Amino acid sequence: MVTPEALSLAQARRVALAAQGFADPAPTGVPTRRHLRRVLDRVGLIQMDSVNVLQRAHYLPLYSRLGPYPTALLDAATYHRPRELFEYWGHEASLVPVGLHPALRWRMARAHDDAWGGMRRIALEQPALVAWVRDEVAARGPLTAAEIEHDAPRENGNWGWNWSAVKKALEFLFWAGEVAAADRTTSFARRYDLAERVLPPAVLAAPTPTDAEAYRALVGIAARSLGVAAEPELRDYFRLPVLGARQAIAELAEAGELTPVTVRGWRQPAWLHATARLPRWARVNTLVSPFDPLVWERGRTERLFGLSYRIEIYVPAPQRVYGYYVLPFLQGERFTARVDLKADRKARVLLVPAAWAEPGIDPGATAVALAAELYRLAGWLGLDAVAPPAAGDLAVPLAAALRSGPGVP
């Protein structure tokens with residue numbers, strides 16, 4: 001445990017890395033459900049995203065902390081009994097431990113106010129559609145949106161519904177907690193079913209906390225997972241309302257779960273969780289997903305690591321600085337490089353469109369460490385080779401390191 005009133009930037013980095021599980025010992029064999037639970041205990045929840053240029057986003061945080069692991073481990077915990085995770089809006093679309101369902105019911109109850117505009121309009125303007133979609137799921141679920149749309153009445157019928165309207169109705173019901181993701185198709189489409197047929201009965205039977213109790217629980221998880229953080233980051237972890245999060249922070253501070261600290265170089269006041277650890281060092285050599293909780297809040301990422309990081313998926317190609325799907329490389333206690341990556345599954349090659357060095361690093365040493373990590377990642381993805389980088393200021397030393405083949409830095 002750490003109990004100082006002030007932290008140096010290096011100490012804050014190590015606290016953050018330990019809180020996120022990067023200081024935990026690596027599995028000695030094939031990772032098991034026990035290792036999965038350990039990571040979930042560290043990070044609190046896992047963000048999802050549909051982009052699959054490299055690997056689905058929700059698989060990568062476990063890889064970054066455990067190394068190569070069977071993705072079926074996460075699938076089983078999410079979509080097979082006994083379920084330990086369920087899909088819901090946590091930090092964006094997320095995999096959330098089922099035990100947090102009661103603490104998120106306040107969000108479900110506010111679907112008519114908080115859900116995205118299209119969902120709210122469907123619920124308000126076409127309640128009959130929403131009721132019909134729910135009845136279809138109840139009678140025939142699990143179903144994809146396309147399977148429901150196939151049987152929806154057409155313009156020459158009663159409603160004139162189309163696929164997008166059915167999908168919005170399903171997403172409203174999902175936000176409201178009435179339906180849940182039973183599983184996913186091979187194309188990553190959700191298959192919806194009634195929540196009571198997806199979630200464990202004990203979870204559904206658990207009492208619903210007050211909003212204040214829920215905010216307190218969620219801020220506590222965020223604080224434990226971040227180790228040390230400013231108020232906006234504690235609020236952002238589960239996308240909580242400002243006033244509710246501030247009140248929760250004050251109550252957790254009064255209870256001794258949070259301690260105010262200063263971090264050298266930070267303008268914002270910071271909070272340290274009571275269980276925070278300060279390891280002597282962090283021996284890390286791994287790539288980190290753009291959707292990893294370590295880098296969710298980009299301002300904190302820049303303050304902690306000096307890494308100005310933005311994902312450029314939605315930036316027009318001519319305007320991109322680093323590339324389409326760029327992962328930062330965590331080496332030791334800092335980010336030393338970033339690489340644009342793509343899995344060419346047909347050719348079984350990990351493509352490296354660009355590799356870039358961060359300021360002040362040793363390009364040769366970083367290239368060797370990064371090459372070893374790229375070979376490790378390629379093996380986990382079932383790819384046979386790593387292509388030399390096509391661009392970037394780290395391309396030449398990384399290409400040389402890759403030519404040496406897989407190795408340990």
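Hi everyone. Before we look around, please keep in mind that this is a predicted model. I'll go region by region, so have the structure open and follow along.

If you are new to sheets, here is the general idea: the strands of a sheet pair through backbone hydrogen bonds, either parallel or antiparallel.

Follow the chain on from H4 and you come to the loop between H4 and E3, where Pro82 sits. The peptide bond from Arg81 to Pro82 is cis, with omega near -5 degrees. There is another cis bond to look at, between Gly141 and Pro142, with omega of about 5 degrees. Pro142 is also in a loop, this one between helix H8 (127–140) and helix H9 (145–150).

Stay with strand E4 for a moment, and find Glu92, which is placed in that strand. Glu92 has a positive phi of about 60 degrees, although it is not a glycine. Glu92 also brings us to the largest pocket. How many residues line that pocket? The answer is 26, and Gln47, Met48, Asp49, Glu92 and Ala93 lie nearest its centre. The volume of the largest pocket is about 600 Å³. Strand E3 (85–90), strand E4 (92–97) and helix H10 (163–175) each give at least two residues to its lining. Sorted by class, that lining has 13 nonpolar, three polar and 10 charged residues.

Now the cavities. The structure holds two of 30 Å³ or more. Which element gives the largest share of its lining? E3 does, with three residues. Strand E5 (179–184) also supplies at least two. Among the residues lining this cavity are Phe86, Glu87, Tyr88, His101 and Met108. By class, the lining divides into eight nonpolar, two polar and one charged.

The largest cavity has a volume of about 60 Å³. Its lining includes Leu226, Glu233, Tyr237, Trp296 and Arg300. Helix H14 (231–236) and helix H16 (298–305) are the elements that give two or more residues to this lining. Here the residues divide into six nonpolar, one polar and four charged.

Next, a pair of helices. H13, residues 211–226, and H15, residues 242–254, pack at an angle of about 75 degrees, and their axes are 8 Å apart. That angle makes H13 roughly perpendicular to H15. Where do they touch? On the H13 side, the contact is made by Tyr215, Arg216, Val219 and Gly220, and on the H15 side by Gly244, Ala245, Ala248, Ile249, Glu251 and Leu252. By class, this contact has six nonpolar, two polar and two charged residues.

The order is E10-E11-E12-E13-E14, and the pairing is mixed. E10 (285–287) and E14 (385–386) stand at the edges with a single partner strand each, so one side of each is left without a neighbour in the sheet. Within this sheet, E12 (residues 334–344) and E13 (residues 349–357) run antiparallel and are joined by seven bridges. A handy landmark is Ala337, which stands opposite Ala357 in E13. Helix H17, residues 363–380, packs on the sheet and touches E10, E11, E12, E13 and E14. The direction of H17 makes about 60 degrees with that of E10.

Conventions: Residues are numbered from 1 along each chain as its sequence is written. This is a predicted model: local features need pLDDT of at least 70, side-chain atom pairs count only at pLDDT 80 or more; totals for chains, interfaces and linings use all residues. Side-chain values use heavy atoms; hydrogens and water are left out. Axes are lines fitted to C-alpha atoms, for helices over the stretch in contact, and angles run from 0 to 180 degrees between N-to-C directions. Helices (H or I, at least four residues) and strands (E, at least two) are DSSP runs, numbered from the N terminus. Angles under 35 degrees count as roughly parallel, over 145 as roughly antiparallel, 65 to 115 as roughly perpendicular and the rest as oblique. Contact means heavy atoms within 4.5 Å. Ala, Val, Leu, Ile, Met, Phe, Trp, Tyr, Cys and Pro count as nonpolar, Asp, Glu, Lys and Arg as charged, and the others, Gly among them, as polar. On a 1 Å grid over the protein atoms alone, a cavity is a set of points where a 1.4 Å probe fits but cannot get out, and a pocket is an open set with protein on both sides within 12 Å along at least five of seven lines; lining residues have an atom within 4 Å of a point. Grid points are joined across faces, edges and corners, and a volume is the space filled by probe spheres set on the points. Two strands pair if DSSP finds at least two bridges between them.
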